[in-house]
Amino acid sequence: MTRGTELFSHFEVSDVRFPTSRDLDGSDAMNQDPDYSAAYVIVHTTWGSTGHAFVFTIGRGNEVEVAAVRAVEELVIGLGVDEVLADMGAFWRRLTHDSQLRWLGPEKGVMHMGIGAVVNAVWDLYAKREGVPLWQLLSNLSPQQIVDLVDFRHLTDQLTPGEALGILTQATEGREQRRHDLLERGYPAYTTSAGWLGYSDEKVTRLVGEALEEGFTHLKIKVGNDIDDDLRRLKMVRGLVGPDLKLSVDANQIWEVDEAIDNVKRLAAHNIYWVEEPTSSDDILGFLKISRAVHPVMVATGEHVANRVMFKQFLSSGAIDICQIDACRVAGVNENIAILLLAAKFGVAVCPHAGGVGLCEVVQHLSMFDYVAVSGIIDNRWIEYVDHLHEHFVDPVEIVNGRYVAPRYPGNGAAMIAESIEAYGFPHGRIWRDVSSVA
Ligand SMILES: [Mg+2]
């Protein structure tokens, strides 16, 4: 008896929420009480293979994201696994440009993020099948194979397939050396864990001390409550870390454009490296104005940038100096490759967003792939690190001396421990039953 052709058989989708708002972990000017959450999907095949991924949300509405992932299921079930893996570019276009689902964006928001989780889950399955970590799988592809993953629709005025091929071909030189370097030394991290807005001065002081002991050379703190208090806190942290350590600030979109310019100029007295999300991340012209006014402070954004077309404008106009890709905001690996190529073309440093649950685990693969096969650059680049909730993952990130250790396990790092999915399942998991009985 033969096993028959392997087909995608079904999705298992879970609403998983962690009650992080109790300790104000993750709190900032715009998001005061997040419960870090995941619309978590396991894509199954008829042969029993699985691929894991999730969309990150911060609590209420996670059930909407779960529904979005489920809405993609009918487009995938019944497809042959080999055919899909052989042309992941076509698979991406099939989901993203579905003529009916597209109306819900197009290419932005809840539906786009749901498609991203499904795309990422299939990449996880692919990497597991090859027995390699995702960053290695991508780094082993030829320049043409990488170009074929990217949808250049609405990009070609700034980046053509030919230019992308040129960037990737140039980066083939030294790939082996950089791969070796990553396995030896890992990838630099910066930490946000010390500077959440809801933390007391005592807690910030203790956490900054711990971050220095752990070897971090770049810290980020949240700003945007009250500028005088921001200045006071920033001065305190600068005093703790000394004059040379890199210190960035994140306003989480709280300011108007002109207000941002005034405030960043004041904060710059304490030598800040970048200002992140000074205003709405839809406001490309606003960012350009801020960027020109606050130079040499660098301007960063990305965690709320909806798609590659928005990134094209941010990157090609000079509106940002730091490109903060997020593994779960755009439509998965393929679209992030388009963004990495745009950043490489315009010479903008990629420093991923990873403040959330599981975001560190998944986005590290994209930065490592970028270093090996796209930009070839690691200097003055850092992947964000926050130290919560890693214990819920099968392959948690490992940080040694302020650097991400390059993963060696097969897959994309998204797989969550089954007991955690069960216990933190919303609203019926054990943790949420306990929370409601306390409240
Ligand atoms: Mg941020």
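Reader: At what angle do α4 and helix α14 pack, and how far apart are their axes?
Author: In this predicted model, where local features need pLDDT of at least 70, side-chain atom pairs count only at pLDDT 80 or more, and totals for chains, interfaces and linings use all residues, α4 and α14 (residues 332-346) pack at about 95° with axes 6 Å apart. That makes α4 roughly perpendicular to α14, a label for angles of 65 to 115 degrees. Axes are lines fitted to C-alpha atoms, for helices over the stretch in contact, and angles run from 0 to 180 degrees between N-to-C directions. Residues are numbered from 1 along each chain as its sequence is written.

Reader: Which residues meet there?
Author: Gly116, Val119, Asn120 and Trp123 of α4 meet Gly332, Val333 and Asn334 of α14, contact being C-beta atoms, placed from the backbone, within 7 Å.

Reader: Switching to the sheet, what is the strand order?
Author: The open sheet runs β1-β2-β3 with antiparallel pairing, where helices (H or I, at least four residues) and strands (E, at least two) are DSSP runs numbered from the N terminus, and two strands pair if DSSP finds at least two bridges between them. Because β1 (8-17) and β3 (50-57) each have a single partner strand, one side of each is left without a neighbour in the sheet.

Reader: How many bridges join β2 and β3?
Author: Strand β2 (residues 37-45) pairs with β3 over eight bridges, and Tyr40 has Phe54 in β3 as its bridge partner.

Reader: And where does α4 lie relative to those strands?
Author: Helix α4 (residues 109-130) lies across β2 and β3, and runs at about 150° to β3.

How values were computed
Two residues are in contact if their C-beta atoms, placed from the backbone, lie within 7 Å. Angles under 35 degrees count as roughly parallel, over 145 as roughly antiparallel, 65 to 115 as roughly perpendicular and the rest as oblique.
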